[in-house]
Each structure stands twice: as C-alpha cells, then as structure tokens.
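I opened this notebook to keep track of what I looked up. The entries follow in the order I made them.

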Amino acid sequence: MGRPFVQQSPMPGFGLAMGITMTMLSVVVLVPIGALLLKGADFGLANIWATVNRERVWKALWLSFRLSFLAALFNLVFGVLLAWVLARYRFPGRRLLDAAVDLPFALPTAVAGIALTALYAPNGVFGSVLADAGIKVAYTQWGILVALIFVGLPFVTRTVQPVIEEIDREVEEASATLGASRLYTLRHVVLPMLTPAALTGFALALARAVGEYGSVIFIAGNIPLVTEIAPLLIVIQLEEYNYNAAAAIGIAMLLISFAMLLAINLIQIWSRRRIGYV
C-alpha cells in the first residue's frame, strides 16, 4: 500500500480544521491579494508600468524597502542579543524589560509616531541632545529608520527567545569541555541552532516595516523624493480617488516583497539542511 496523503493523528477533526483554516486564509489573505491583482489586470500592464515608472514612485519604493531592510537587519542583531539576555540572565527589572518588548505590539502606530516625534524633534529630549552634536533625526530618513526599528524589534526577540530557552546548556558545556573557545561555541554551536528562528524574525520585522504607515508619517516629514514612503504614496492616490494608480503601486510593493521573502525562505531552507548535515 502507498503512503497515505494525510498522516494519521490521534487528534480527530482534520477535515473541519482544514476547512476553517482554508476559509480564514482565503478571506484574510487570498481574497484581498486576488482583488488587488484583478484591479491591476483591469488597469493593464502598460498602464501599471507607466504609473510605477516615475521618479517619485521609484524614490518612495527605494526608500521604503531600503530602510525596512536596514531596520530589520538592525533588529536581527540586537533582537537576538536582547532575547539572549532575557532568556539567560536574571537581574532586577528583567520582567519589566521583558514586558516592555511587547509595547510596540499594543501601542497604536499613530501614538508611537507622535511619541517618537516628540522625543526626536529638535526641541525633544533626545533630539535636543543630538542637535547639539549636529545630528537631526526627526523629519529625516533617520527618523523613518528609528520608527521602523521600534515597530520591528519585538518580532525578532519574541521569535528567537523561546528557541534560546529550549537550548540545553549541556551542549555549550560539552563544547567547552572539548576545548572549544566561547567564540567558537557561539559560532558553530549556538548560532546554527538560532539561525532558522532568527531569519523568521527578520522576515517578520521586514514585512512589518515595509507596510508601516502610522508611526512613520509623523516623524518622516513626508517630503516627496526625500522622505516620502511608498504606503503614503498609495494613501495619497486613494485620497485623490485614483484607485488604479494606488493598485499599481500596491502591486509593485507586493512583487518586491514577495521576491525578498522568497529569498529569505530559501536561505532558511538552506540553513535547516546545513544544520541537518552538521
């Protein structure tokens, strides 16, 4: 007999669970994306390219994806470090710090944008200190980067932290017993086990940053060709009732995001196979 298509499980209800899952996936994800693509199909490829192939649009797309990638990269490094500290060390205020990590999840994005602008404005607490050093954050691309880091950090930390807690310290102790240095143990024992989860958190932070709107528009300044992000450009087109142009820019963002996430998933697959071979 051949291998069954669906592996048996002691828990019943595969049909019901699959039906609910596919229904919710269709309503929440597939139908909106399908509607966007249908709108683009009605508009036509030539018109989509003519809409996207403008300096203002390219500048906005480049700004959004470039800063989103840099913010996700920053969060990848410091999010893993923060997760390691929270999982491995006990110190006064640890629970408060652990709870603060989830603050960007609960805080409305508009409130976060207003708070960051108040802090980093030239007369703000941090902004005044930076202004004395000749550094301007608010209403510049640096302000956008700060906002994207703020909203994306929890995705990396919360994805990696459970994996760190599950790593048996005896593995690290065994590596040290065999004569490995701490740096060697970190590079060849710990990091390979964290890589899949870290890349997942990186992808989530990147996806959140690319589509972020509320926390960015307050601190960005929204100057065309300088600090105007792609989501804001879509909103501007919608406010002008130019739905075709909004759909065209949305399709461009969708394709670029899909390509970036596909590359990250391929790296994840490679890292898992590499761990399996080690």
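I began with burial: a residue is buried under 20% relative accessible area, exposed over 50%, and partly exposed in between, with a 1.4 Å probe and protein chains only.

I noted that this is a predicted model, in which local features need pLDDT of at least 70, side-chain atom pairs count only at pLDDT 80 or more, and totals for chains, interfaces and linings use all residues. Residues are numbered from 1 along each chain as its sequence is written, and side-chain values use heavy atoms, with hydrogens and water left out.

**Entry: salt bridges**

I looked up the salt bridges (a side-chain nitrogen of Lys or Arg within 4 Å of a carboxyl oxygen of Asp or Glu) and found four.

Glu228 pairs with Arg56, and their closest N and O atoms are 2.6 Å apart. This pair links distant parts of the chain, 172 residues apart: Glu228 is in the loop between helix 11 (214–220) and helix 12 (230–239), and Arg56 is in helix 3. Helices here are DSSP runs (H or I, at least four residues), as are strands (E, at least two), numbered from the N terminus. Glu228 counts as buried because its relative accessibility is 3%. Arg56, at 35%, counts as partly exposed.

Asp98 and Arg158 meet at 2.7 Å, N to O. Asp98 lies in helix 4 (residues 94–101) and Arg158 in helix 8, 60 residues apart. Arg158 has 23% relative accessibility, so it counts as partly exposed.

I then checked Glu212, whose side chain meets that of Arg208 in a salt bridge of 2.9 Å, N to O. Glu212 is buried at 5%, while Arg208 is partly exposed at 22%. Elsewhere, shared partners join Asp98, Asp102 and Arg158 into one network of salt bridges.

**Entry: cavity**

How many cavities of 30 Å³ or more does the structure hold? I found one. A cavity is a set of points, on a 1 Å grid over the protein atoms alone, where a 1.4 Å probe fits but cannot get out; lining residues have an atom within 4 Å of a point. The volume, which is the space filled by probe spheres set on the points, is about 50 Å³ for the largest cavity.

Its lining includes Leu63, Ile144, Val210 and Glu212. Helix 3 (55–88), helix 8 (141–166) and helix 10 (182–210) each supply at least two lining residues, and helix 3 gives the largest share, four residues.

**Entry: record**

I looked up UniProt, where an unreviewed entry lists residues 61–264 as "domain: ABC transmembrane type-1"; such annotations may be inferred rather than shown by experiment. In the model that span is 80% helix and 0% strand, and its end C-alpha atoms lie 19 Å apart.

Conventions:
On a 1 Å grid over the protein atoms alone, a cavity is a set of points where a 1.4 Å probe fits but cannot get out, and a pocket is an open set with protein on both sides within 12 Å along at least five of seven lines; lining residues have an atom within 4 Å of a point.
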